[in-house]
Amino acid sequence: MEEKTKRTVRTGILLAFFIIVIGLLIYSRVTARPTKETFRNKLDELGLWGTPLVYLAIPALYIADYFSHAWICLLFAFSVAGLIYEFVPKETITKYMGRGKAVGYLLALGMAPFLTVCSCTMVPLFGGVLYAGAGIGPAIAFLLMAPAANILTILMTGEMISWEIAVVRIIVSAAVALIAGIVVSKTPWGKAIEKEFQVANSAASSAKVEIVKPPLDERLWAALKFAGYLAKQILSFFIIGLIVVGYLSAFIPEEIVEAYLTGVTGVLIASVLGGPLYTPTLVEIALGQELWSKGMSKGALLSWLMGQPYDFANAMAVSRIAKLKVVATYVVIAWAGSVTFGLLYGFLSGSL
């Protein structure tokens, strides 16, 4: 078989795979299959509460129940993330982020969610954006927007919790990221970091490299490999998190959730637990759904979900690139934003 024919066949197979994945998601939406509501029913039906076997059955049943409903959405999200990562021109985006303040912020907020799905991978990308000549403001907005409202996060929030929460999450994440970026860009320490990276960028700009794009079949294969890489990075931690969520779902009394995760106090507690504890994105959504089903208010839930950008581990990693003062500034703004918008959304939705 000739090389051209092999490439055509390979391209057809890979395109068929992505089309089937998209078709499966559309079919699941058309048939309106419920996401998750049978875990507790299965425990009751099996009558395991009176035996020690319940401690082994809880994580197994919870994980099986979760994946039986969410595998289509997960497969779709990972596949689309791979396609976006491979085909979205990152070099052009980072280049134009430094052209002007308004355009830089617009690109940061509009494109950051499509470049990655994992908050830990945002740290090197944040450094890359600065090295590419972007201002510190757009770079901070980019850093905060992507983990808070990336494509996987929004898809899973909409599927597992509600699309109302998912849309609100996008809007308030963009607002907080924009405010944090503007404030940091006005500080002396923010301007100092921006100047430092722009000097380094001008020294390196003389070296021009011509980039040759590979054939379509290789790019599709690269997209699939990146999707697999993301799954490998995330799913092991995700399953550990689901085990914990399974036990919490089975044993946390609704009275505790209603007492501590509602009202102004509930928003404050959720804002502290959702950020510094660094809950992986998908686990954060699963745990948020369980707490919400037990009586957590919408305001506290939004505050909990907005914690991803200011987790302790990533903040320490960013401080190696942008110094501690810059990190402290955006962490305080992100935390204040999660509290403010949590209270506002709780008040407006009637679920504070």
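Author: Partly exposed describes a residue whose relative accessible area lies between the cut-off of under 20% for buried and that of over 50% for exposed. The model discussed here is a predicted one.

Reader: Why is V264 called partly exposed?

Author: V264 has a relative accessibility of 47%, and since buried requires under 20% and exposed over 50%, V264 therefore counts as partly exposed. The residue sits in helix α13.

Reader: What makes V264, L268, V272, W335 and L352 a patch?

Author: A nonpolar patch takes residues with over 30% relative accessible area and no salt bridge, whose nonpolar side chains are joined within 5 Å. V264, L268, V272, W335 and L352 form such a nonpolar patch on the surface, and together they have about 400 Å² of accessible area. Helix α13, which spans residues 263–274, gives the most to the patch, with three residues.

Reader: How do you know that helix α8 is largely enclosed by the rest of the structure?

Author: Ten of the ten residues of α8, residues 151–160, are buried, so the helix is largely enclosed by the rest of the structure. Among the buried residues of α8 are I151, L155, M156, E159 and M160.

Reader: With which residues is M156 in touch, not counting those up to four places away in sequence?

Author: Setting aside residues up to four places away in sequence, M156 touches Y66, A70, C73, L74, I161, L282 and I285. M156 also belongs to the largest nonpolar core, of 53 residues, where Y66, L74, F78, M156, F238 and M296 touch the most other members. The elements giving two or more residues to this core include α1, α3, α8, α9 and α11, and α3 gives the most, with 13 residues. Apart from this core lies another, of 34 residues, with A108, V123, A139 and A180 among them.

Reader: Why is S173 called buried?

Author: The relative accessibility of S173 is 5%, and buried means under 20%, so S173 counts as buried. S173 is found in helix α9, and, leaving out residues up to four places away in sequence, S173 touches M145, A148 and A149.

Reader: Which other salt bridge does R7 make, and where do its partners lie?

Author: The side chains of E218 and R7 meet in a salt bridge at 3.0 Å, N to O. This pair links distant parts of the chain, with E218 in helix α11 and R7 in helix α1, 211 residues apart. At 32% relative accessibility, E218 counts as partly exposed.

Reader: How do you know that D217 is buried, and what is its partner?

Author: D217 has a relative accessibility of 2%, and the cut-off for buried is under 20%, so D217 counts as buried. The side chain of D217 meets that of R10 in a salt bridge at 3.6 Å, N to O. This pair, too, links distant parts of the chain, D217 being in helix α11 and R10 in helix α1, 207 residues apart. R10 is partly exposed, with a relative accessible area of 35%. Salt bridges that share partners join E3, R7, R10, D217 and E218 into one network, and the structure holds seven salt bridges.

Reader: Why is F18 called buried, and which residues are in contact with F18?

Author: F18, placed in helix α1, has a relative accessibility of 5%, and as buried means under 20%, F18 counts as buried. Leaving aside neighbours within four places in sequence, F18 is in contact with S79, L83, L220, A223 and L224. F18 and S79 are 61 residues apart in sequence and 7.1 Å apart in space, C-alpha to C-alpha.

Note on methods
Residues are numbered from 1 along each chain as its sequence is written. This is a predicted model: local features need pLDDT of at least 70, side-chain atom pairs count only at pLDDT 80 or more; totals for chains, interfaces and linings use all residues. Side-chain values use heavy atoms; hydrogens and water are left out. Buried means under 20% relative accessible area, exposed over 50%, partly exposed in between (1.4 Å probe, protein chains only). Helices (H or I, at least four residues) and strands (E, at least two) are DSSP runs, numbered from the N terminus. Patches are made of residues with over 30% relative accessible area and no salt bridge: like charges are joined within 9 Å, nonpolar side chains (Val, Leu, Ile, Met, Phe, Trp, Tyr) within 5 Å. Accessible areas come from the Shrake-Rupley method with a 1.4 Å probe; for residues, only the protein chains shown count as cover. A salt bridge is a side-chain nitrogen of Lys or Arg within 4 Å of a carboxyl oxygen of Asp or Glu. A nonpolar core is a set of buried Ala, Val, Leu, Ile, Met, Phe, Trp, Tyr and Cys residues joined through side-chain atoms within 4.5 Å. Contact means heavy atoms within 4.5 Å.
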